[in-house]
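Please open the structure in your viewer and keep the selection panel at hand.

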Amino acid sequence: MSNQISAYGSWKSPITSDLIVAASISLGGVTLDGEDIYWLEGRPQEKGRNVLVKLNPDGTTTEITPAPFNVRTRVHEYGGGSYLIVAGIIYFCNFADQRIYRQTADSLPQPLTPENSCRYADLILDKFRNRLICVCEDHSQKDREPVNSIVSIDVDTGEIETLVSGDDFYTSPRLSAEGSRLAWISWNHPNMPWDSSFLWVADINNLYLSNIRVIAGGENESVCEPRWSADQQLYFTSDRNDFWNFYCFKHDEQIEAVLKPIEAEFAYPHWVFGLSNYGFAGESQIICSYTKDGRCYLGSIDTVNREFQEIITADTNISSLQVRENKIVFIGGSFREVTAVISMDLATGTREVLKSSSNLTISSDYFSIPEMLAFPTSKGLTAYAWYYPPKNPDYTAPNGELPPLLVKSHGGPTAAATSSLSLRVQYWTSRGFGYLDVNYGGSTGYGRQYRQRLLGNWGIVDVEDCINGAKYLVNQGLVDGERLAISGG
């Protein structure tokens, strides 16, 4: 097709809503079990059913959880951390009844937990006591709020014992490698976990905890993602110095910063369970994902020499990172590639797409590449956004015309606009619209102070930042000030 002169907003595009829905799935929950790779696929064509799949040696996948099973938990309503695989044995939470099921390669799912009003999430296996440890949310009391706790579940009988209770919310139970200590995170009303949370450690003997103590966190500190190293030290992230950076609970029970402070976020808010932003590639090496200036990166940390190095990758959005020595698997995406399950060899840098979230074959010539904007906003502060200019190789706008602008306010309070390819964004830019995806004050990725701007100011700071972002583009002569629209949650 020859290039046509046509008004912004009137361009025809091969990126249609029907194609986006029909050819797309969601991806998440990457897990490694030895050499085997698993992940979850959310399928719109099956009413959003979450299916556990396994990668085969030939690159195909096998569906593990049969219909109508839906691998999804409703703990804290947002879910996550809905399954666990150890040595080929699968434990998962089923959406319809919220029971935990057990399955092997040679058997259909069998219920482990009884029919009751409980929900479960963030499963780990205590192989020393033949039990699962997980978060439990009890909805049996209809006249009161759900009760959260951490429980253990016998993997043969389904017998349930409470290990930890008393706080309003729990997440991330983590057992040390030799099985003698348990760590977890809790928080209480009216705080959210990114405002105030606490990291606990206890000794574990049989089914009882002792020497229970808080080792990090506080009223003005958020802690995330505890993990025990092979040498029995507990790593976690904390925003005690504004950005979520790495700390270590040492053998002498002292806490040390793993690196000098870096203005980058090595964690995400605990909206969901099962977050995985780092792992151990060896006794003294951490492989991690982090966010800086609005985009994601991969990095390597030498915990002995306290040295940090970026790992070069094209991916600008990274999550669900799993690490095995020189191999990592994660959910990634870039400016030109939709979200996919990706494997990467750390020794060679070889990157392989294992499963894409979309099978659409559209030329990248139709894709608008975003620019990170830092713009002035209220009270002399700075806010951030990704700006996507109109892009369609088949059309040119008339001389002197400026494009209309669609401003997007992402869900709040602590989400963030990512920079990986979104066909929902490109739907608009390929039709001649500018698109401004605003990381208003309150968004994650810019430190605690930036995140706290929205506290007590919902509907004020976020709205002002969206307005000021639009005004900035108008003042820069990039968009038409008479054709501005906004959408979002």
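Contact here means heavy atoms within 4.5 Å. The model is predicted, so local features need pLDDT of at least 70 and side-chain atom pairs pLDDT 80 or more, whereas totals for chains, interfaces and linings use all residues. Residues are numbered from 1 along each chain as its sequence is written, and side-chain values use heavy atoms, without hydrogens and water.

Select Ser172 to begin. Leaving aside neighbours within four places in sequence, Ser172 is in contact with Asp122, Ala183, Trp184, Ile185, Pro226 and His270. Ser172 has 3% relative accessibility and counts as buried (under 20% relative accessible area; exposed is over 50%, partly exposed in between; 1.4 Å probe, protein chains only).

Turn next to the aromatic rings. The whole structure holds 26 aromatic pairs (rings of Phe, Tyr and Trp, the last by its six-membered ring, with centres within 6.5 Å; planes under 30 degrees apart are stacked, over 60 edge-to-face, the rest tilted). Select Phe92 and Tyr101: their ring centres are 5.7 Å apart and their planes at 15°, so the pair is stacked. Both Phe92 and Tyr101 are buried.

Now select Tyr278 and Phe280. Their centres lie 6.1 Å apart with planes at 80°, and the pair is therefore edge-to-face. Tyr278 is buried at 1% relative accessible area, while Phe280 is partly exposed at 24%. Ring pairs join these two to Tyr235, Phe246, Phe266, Tyr290, Tyr297 and Phe308 in a cluster.

Finally, select Arg295: its charged end sits over the ring of Tyr297, 4.3 Å from the ring centre (NZ of Lys or CZ of Arg within 6 Å of the centre and within 35 degrees of the ring normal).
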